[in-house]
Amino acid sequence: YVNEPLRKTGRVDLRFEHYPRDVFSPVKYRAFQGERAGVKFRGNTNFWQVNRTDEHDWTLRKIPFSVRCEEPHRILNDSNTHHFYLGGGYSDISFLRNKLSYDLFKAMGEVGGEPRPAPDIDWAEVFVNGRYRGLYELGTRVDRHLLGWDRYDPEETEPALLYKFLQLGEECSVAYSVKYPPQFYGLHCEPYEELMDFLRGASAQEFGDRIERIVNLDSAIDWQLLVNYTDNRDGISTNMYLARGVGADSRFYFIPWDYDGTFRGRQSSPWLSNALTDRLWRDHPDYQNALAARWRQLRPGPLSEASVTARIDGMNRRLSGYAEWDSSVWGDRYARGITREEAWAGLRREALERLSWLDEFLGRYSDGLWEGGQTVPRRESR
């Protein structure tokens with residue numbers, strides 16, 4: 001319930017009720033500006049593309065929301081986060097791509113590795129002032145709560161760090177933002193800039209000797225496999241997070257973000273890479289071998305055909321009925337000429353085809369060489 005017009009540049013007071021799954025009594029929350037809380041519009045592509053209509057009344061458009069509660073809400077997990085996001089499905093009318101991708105990344109970490117943090121995603125039917133707004137993705141943001149970090153200690157000489165890539169070019173030209181520590185305590189740009197300087201300037205020998213002390217190689221491998229499996233051409237150079245825990249011995253690791261534009265069934269399938277993974281291909285003595293071996297390790301488990309289809313079909317069943325109601329309200333306004341059933345079927349088909357494509361692609365690697373003697377496979381670098 002809101003009493004003021006919503007906007008993108010500042011929060012307004014909010015009261016809301018959340019009905020947990022299969023529970024018929026709500027949990028009530030308050031989010032008032034006086035407590036640094038509230039609701040506002042969010043998003044870039046989703047917000048501005050939806051706003052390019054002639055309808056100036058926001059109630060006639062399915063716009064995403066950002067909510068900050070006064071207390072930890074614990075709607076999606078047991079962390080102390082106050083925030084959650086509501087996405088309207090502008091880029092993905094199946095409502096499945098983000099959750100599928102994030103859950104796969106987490107499952108990859110369960111196979112002989114460390115945890116792979118990624119946003120938690122569920123779905124919610126949203127009503128504003130009693131009016132049905134549709135089916136939304138309900139998701140966490142990437143912050144210290146998701147990563148299990150303690151509150152920032154100004155006395156810590158090597159604090160935890162969280163950066164968001166906005167653009168990583170081939171020559172390590174970088175646009176990024178510092179998400180943690182809070183900028184009140186300083187910008188903390190130096191570690192990120194030092195990493196980029198190292199990628200630009202280190203010799204092949206120095207790179208091979210030092211990179212594993214700077215970057216968690218297992219995380220980089222799983223992240224690059226995820227990007228290529230999902231065909232996330234935007235996510236190879238933008239919309240990803242780089243994090244490092246507390247302490248001088250901590251290494252950077254990857255966190256995926258914004259996977260609603262994946263599995264698009266494109267005709268060509270270049271290998272996706274960026275400035276960091278390019279150097280790993282060229283100058284790390286075991287990266288190519290480790291990447292191919294990791295793919296073979298993951299295929300019988302979370303990346304088997306049976307496991308992937310079970311995930312997609314299970315999510316599809318959960319949304320049955322809810323998605324139809326959403327469609328009855330919004331019609332084909334955001335559907336781009338296809339039905340939800342066609343979107344679900346297309347995702348299922350593409351998810352299986354990508355498995356076969358990577359089997360064939362990574363199967364070319366043996367004994368330290370790619371088929372035909374290539375040092376680095378054909379790729380798309382951003």
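Biologist: What percentage of the 382 residues of the protein count as buried?

Modeller: This is a predicted model. In it, 55% of the 382 residues count as buried. The protein exposes about 17,900 Å², of which carbon and sulfur atoms supply 46%.

Biologist: How many helices and strands are there in the protein?

Modeller: The protein has eleven helices and 15 strands. Of the contacts with a separation of 6 or more, 69% join residues 24 or more positions apart.

Biologist: Which residues touch the most other members of the largest nonpolar core?

Modeller: The general idea comes first. In soluble globular proteins, nonpolar side chains tend to be buried together. Here the largest nonpolar core has 79 residues, and Leu162 and Tyr229 touch the most other members. Leaving aside residues up to four places away in sequence, Tyr229 touches Leu104, Phe263, Trp295, Leu303, Val308, Ala351, Arg354, Leu355 and Leu358. A second core, separate and of 23 residues, includes Val2, Ile63, Val67 and Val128.

Biologist: At what angle do helix α10 and helix α11 pack?

Modeller: Helix α10 (residues 322–330) and helix α11 (residues 340–362) pack at about 130°, and their axes are 11 Å apart.

Biologist: Which residues of α10 and α11 meet?

Modeller: From α10, Ala323, Glu324, Asp326 and Ser327 meet Arg340, Glu341 and Trp344 of α11. Sorted by class, this contact of α10 with α11 has four charged, two nonpolar and one polar residues.

How values were computed
Residues are numbered from 1 along each chain as its sequence is written. This is a predicted model: local features need pLDDT of at least 70, side-chain atom pairs count only at pLDDT 80 or more; totals for chains, interfaces and linings use all residues. Side-chain values use heavy atoms; hydrogens and water are left out. Axes are lines fitted to C-alpha atoms, for helices over the stretch in contact, and angles run from 0 to 180 degrees between N-to-C directions. Helices (H or I, at least four residues) and strands (E, at least two) are DSSP runs, numbered from the N terminus. Contact means heavy atoms within 4.5 Å. Ala, Val, Leu, Ile, Met, Phe, Trp, Tyr, Cys and Pro count as nonpolar, Asp, Glu, Lys and Arg as charged, and the others, Gly among them, as polar. A nonpolar core is a set of buried Ala, Val, Leu, Ile, Met, Phe, Trp, Tyr and Cys residues joined through side-chain atoms within 4.5 Å. Buried means under 20% relative accessible area, exposed over 50%, partly exposed in between (1.4 Å probe, protein chains only). Accessible areas come from the Shrake-Rupley method with a 1.4 Å probe; for residues, only the protein chains shown count as cover.
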